[in-house]
Amino acid sequence: MGLRKGLNSDLEDILEIETKVYDKPYWNKKMLDEVLSGKTKNRIWIYELNKIIIGFIIDLRYANEVNILNIAIGESFQNKGYGSKMVYNHLKNLPQKSTVLLEVKKNNYRALKIYSKLNFEKLYIRKAYYNDGSDAVNMRLVK
């Protein structure tokens, strides 16, 4: 089990997870392909179990700041601790003195619990932030 940088060959697996776990996915095939092809400053980190892609993280890094743009774990691997392990491994690999920022749906209690356990602090609420009109909780962790 571990994180690795996403490859172009991972596109279909990433897209399948994205479209199955989100009712209204933000990331489409073209956007994911651009990230994997290095056409943006975003990066995709793949989380594997026995060489099977079970999740991914998309981030954007600038100096000592990391913005987590998307986190997803495949449906059949949810509620088994993999999401928390994936985020923990991602944070562990970041440089010291990094500031990590993310948004999470206000009603995503499982994710909020994971981030709280990892010492993220709630900053503020963004009203109607997501495609479906739901609010986001902005969170920060200073390593």
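**Entry 1: a turn to start with**

I began at the hairpin of β2 and β3, where 2 residues lie between the strands and Asn50 takes a positive phi near 55°. I took helices (H or I, at least four residues) and strands (E, at least two) as DSSP runs, numbered from the N terminus. Before going on, I noted that this is a predicted model, in which local features need pLDDT of at least 70, side-chain atom pairs count only at pLDDT 80 or more, and totals for chains, interfaces and linings use all residues. Residues are numbered from 1 along each chain as its sequence is written, and side-chain values use heavy atoms, with hydrogens and water left out.

**Entry 2: the sheet**

Next I traced the strand order and found an open sheet of 7 strands, β1-β2-β3-β4-β5-β7-β6, with mixed pairing. Two strands pair if DSSP finds at least two bridges between them. β1 (2–5) and β6 (121–126) each have a single partner strand, so one side of each is left without a neighbour in the sheet. On average, neighbouring strands here are turned by 30° against each other, direction ignored.

I then went through some pairs:

- β1 and β2 run antiparallel and are joined by 4 bridges; Leu3 stands opposite Tyr47 in β2.
- β2 and β3 pair in the antiparallel sense over 8 bridges, and Ile44 stands opposite Ile58 in β3.
- β4 (residues 65–73) and β5 (residues 99–105) run parallel, with 4 bridges; Val66 stands opposite Val100 in β5.

Helix α4 (residues 109–117) packs on the sheet, touching β4, β5, β6 and β7 (136–142). Its direction makes about 160° with that of β5; I used axes that are lines fitted to C-alpha atoms, for helices over the stretch in contact, with angles from 0 to 180 degrees between N-to-C directions.

**Entry 3: the cores**

Which residues have the most contacts inside the largest nonpolar core? I found Leu91, Val100, Val104, Tyr115, Phe120 and Met139, in a core of 25 residues. Such a core is a set of buried Ala, Val, Leu, Ile, Met, Phe, Trp, Tyr and Cys residues joined through side-chain atoms within 4.5 Å. Buried means under 20% relative accessible area, exposed over 50%, and partly exposed in between (1.4 Å probe, protein chains only). At least two residues of this core come from each of β2 (42–49), β3 (52–62), β4, α3 (82–92), β5, α4 and β7.

I looked up Val104 too: its contacts (heavy atoms within 4.5 Å) include Leu112, Tyr115, Tyr130 and Met139, not counting residues up to four places away in sequence.

A second, separate core has 14 residues, among them Leu36, Ile44, Ile46 and Ile58. I also noted that 6 of the 8 residues of β2 are buried.

**Entry 4: salt bridges**

I found 10 salt bridges in the structure, each a side-chain nitrogen of Lys or Arg within 4 Å of a carboxyl oxygen of Asp or Glu.

Glu12 forms one with Lys29, the closest N and O atoms being 2.8 Å apart. Glu12 lies in helix α1 (residues 11–21) and Lys29 in helix α2 (residues 29–36), so the pair ties together parts that are 17 residues apart in sequence.

Arg126 and Glu103 form another, at 3.9 Å between the closest N and O atoms.

Is Asp135 buried or exposed? Asp135 counts as buried at 17% relative accessibility, whereas its salt-bridge partner Lys127 (3.4 Å, N to O) is exposed at 62%.

Last, I noted Arg4, Asp10 and Glu48, which are linked in a network of salt bridges.
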